[in-house]
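This report describes the arrangement of secondary structure in one protein model, together with selected residues. The sequence and coordinates are shown first.

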Amino acid sequence: PDDLPAVQARFRALLAGRDDRWAGNFRFRHADGGWRELEGRGLATRDADGRLRRLVGALTDVTERRRAERALRE
């Protein structure tokens, strides 16, 4: 919930045509009740009039990588 406003704002900018690329990091509640850290990236494809035609994206679970990075810093 803490990450939701920033993620929504970036996604709205993509939908509104203010940006064609989206990237962000956020936490996500997993079905097992635990939290996962995700990296997301997306790209909008628009027609000649600038209307959104397609969104393509990917989410990557980076939870273990982030845990390892925190452990190294400690």
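Helices and strands are taken here as DSSP runs, helices of at least four residues and strands of at least two, numbered from the N terminus. The model is a predicted one.

**Sheet and helices**

Three strands make up an open sheet with the order 1-2-3 and antiparallel pairing. Strand 1 (21-29) and strand 3 are the edge strands, each pairing on one side only. From one strand to the next, the twist averages 25°. Strand 2 (residues 35-46) and strand 3 run antiparallel and are joined by nine bridges; in strand 3, leucine 55 stands opposite alanine 44.

Helix 1 packs on this sheet and touches strand 1, strand 2 and strand 3, with its direction at about 150° to that of strand 1. Helix 2 lies across strand 1, strand 2 and strand 3, and runs at about 125° to strand 2.

**Nonpolar patch**

Phe11, Leu15, Leu52 and Leu55 make a nonpolar surface patch of about 310 Å². At least two of the patch residues come from helix 1 (4-16), and at least two from strand 3 (52-61).

**Two residues compared by accessibility**

| Residue | Element | Relative accessible area |
|---|---|---|
| Arginine 66 | Helix 2 (residues 63-73) | 18% |
| Leucine 52 | Strand 3 | 31% |

Arginine 66 counts as buried because its relative accessible area of 18% is under the 20% cut-off. Leucine 52, at 31%, is partly exposed. Beyond residues up to four places away in sequence, arginine 66 touches Asn25, Glu37 and Glu39.

Notes: Residues numbered from 1 in each chain as written. Predicted model: local features only at pLDDT ≥ 70, side-chain atom pairs only at ≥ 80, totals over all residues. Heavy atoms only, no water. Buried < 20%, exposed > 50% of the residue type's maximum accessible area, 1.4 Å probe, protein only. Contact = heavy atoms within 4.5 Å. Patch = residues over 30% accessible without salt bridge, like charges linked within 9 Å, V, L, I, M, F, W, Y side chains within 5 Å. Areas by Shrake-Rupley, 256 points an atom, 1.4 Å probe, with all protein chains shown as cover. Salt bridge = Lys/Arg side-chain N within 4 Å of Asp/Glu carboxyl O. Pairing = 2+ DSSP bridges. Axes fitted to C-alpha atoms, helices over the stretch in contact; angles between N-to-C directions.
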